[in-house]
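Biologist: Can you take me through this model? I would like to start with the fold and then go on to the pockets and helices.

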Amino acid sequence: MKLFLDSAEIEEAKLFSKFGVIKGVTTNPKLMSDSFGKIGKQTTNQSNYDISGTSKDAKSSVEERYSEEINHAIEISKITGTKVSVQPSSYDYESIVGFGKLVFKNRNNLILKVPPTFESFEAVRYIRKNLGFIDVNLTLCFSVNQAILGMQLGVQYISIFVGRLEDQNENPFEIIETVKCLIESQQLEEYGYMNSYISENKEQECSLDKSIALEHKNTEIIAASIRSSRHVRESFKSGADIVTTPGKIIRELFNHNLTDKAIKSI
Ligand code: G3P
């Protein structure tokens, strides 16, 4: 059970890492833009990020912007001592690969966050094949089907959007429960397979172990789009490994009127 901070704000990262309650950080283009706005850096319109078929100048300004965001995320990672998920703002193949290369260079601090689309899957495969292994957070997941696809790709995190599912009267917690069940059954299957393979092929034990560790690291469920402390509780209860939440909800978790009363009276 881990709590992540869903924010790109340096001050929030500093504040909550003091208390030892955050075990990771997630960001997205909107959160980056808000944070850059607050610290006086120019914000870029999301459509400006699309680098496919753009001029050389536009392309280099997008690349510049991407590297500013990457540096910002690395700063957060150093403050919290955890990895930070970062997401490109444009989802064409070329943009994801360009952004993914920057993430790869900083893979000890960062996780590539992408939505479940053909382009994302192709880009992740390209990066892993041509550069090397990279942690992936499959974001904007709203169904068990999308989670199944993420498991095939061997992503480390599947982010299920609780608040947005409830907004359209779907039950996010049933989805989390089912995905959890599937992940556990896949882990059992792989564990059995690995054990029988190792006992039959003792001399190859090491190489097998390594490739399985890289390709099938345990997938964890992140409950995202958290709007209340009830969402935090229900998500963990349904089997989420991680809940990523804005700072204001972390504050809410600390609160109880009886604690306040008792602090004054005891
Ligand atoms: O974790 C994803 C989050 O930043 C989006 O939340 O409230 O806009 O659905 P929300």
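Biologist: What should I know before reading the values?

Modeller: This is a predicted model, in which local features need pLDDT of at least 70 and side-chain atom pairs count only at pLDDT 80 or more, while totals for chains, interfaces and linings use all residues. Residues are numbered from 1 along each chain as its sequence is written, and side-chain values use heavy atoms, with hydrogens and water left out.

Biologist: How do the strands of the barrel run, and how many are there?

Modeller: Eight strands form a closed barrel in the order E1-E2-E3-E4-E5-E6-E7-E8, with parallel pairing. Two strands pair if DSSP finds at least two bridges between them. Helices (H or I, at least four residues) and strands (E, at least two) are DSSP runs, numbered from the N terminus.

Biologist: Take E5. What joins E4 to E5?

Modeller: Strand E4 (residues 110-114) runs parallel to E5 and is joined to E5 by three bridges. Leu138 in E5 is the bridge partner of Val114. E5 and E6 also pair in the parallel sense, over three bridges, and there Leu138 stands opposite Ile158 in E6.

Biologist: Is E5 largely enclosed or open?

Modeller: Five of the six residues of E5 are buried, so E5 is largely enclosed by the rest of the structure. Buried means under 20% relative accessible area, exposed over 50%, and partly exposed in between (1.4 Å probe, protein chains only). Leu140, found in E5, is partly exposed, with a relative accessible area of 27%. Leu140 also has a positive phi, near 55 degrees, in a residue other than glycine.

Biologist: Where else is there a positive phi in a residue that is not a glycine?

Modeller: Ser225 has one, of about 55 degrees. Ser225 lies in the loop between E7 and helix H10 (229-238) and is buried, at a relative accessible area of 10%. As background, most residues other than glycine have a negative phi.

Biologist: How are pocket and volume defined here?

Modeller: On a 1 Å grid over the protein atoms alone, a cavity is a set of points where a 1.4 Å probe fits but cannot get out; a pocket is an open set with protein on both sides within 12 Å along at least five of seven lines, and lining residues have an atom within 4 Å of a point. Grid points are joined across faces, edges and corners, and a volume is the space filled by probe spheres set on the points.

Biologist: What classes of residue line the largest pocket?

Modeller: Nine nonpolar, nine polar and seven charged residues. Ala, Val, Leu, Ile, Met, Phe, Trp, Tyr, Cys and Pro count as nonpolar, Asp, Glu, Lys and Arg as charged, and the others, Gly among them, as polar.

Biologist: How many cavities turn up in the whole structure?

Modeller: The search finds two cavities of 30 Å³ or more. The second largest cavity has a volume of about 30 Å³, and its lining includes Thr27, Met32, Glu69 and Phe99. H2 and helix H3 (56-80) are the elements that give two or more residues to that lining.

Biologist: Switching to helices. Which residues of H5 are buried?

Modeller: Ser120, Phe121, Ala123, Val124, Ile127 and Arg128 are buried in H5. They cover an arc of only 165 degrees around the axis (taken from the directions from the helix axis to the C-beta atoms), which puts them on the same side of H5. Phe118, Arg125 and Lys129 are exposed on the other side of H5.

Biologist: And which residues of H1 are buried?

Modeller: In H1 the buried residues are Ile10, Glu12, Ala13 and Phe16. Their arc is only 160 degrees around the axis, which puts them on the same side of H1. Glu11 and Lys18 are exposed on the face of H1 turned away from its buried side. Just after H1, Gly20 takes a positive phi of about 70 degrees.
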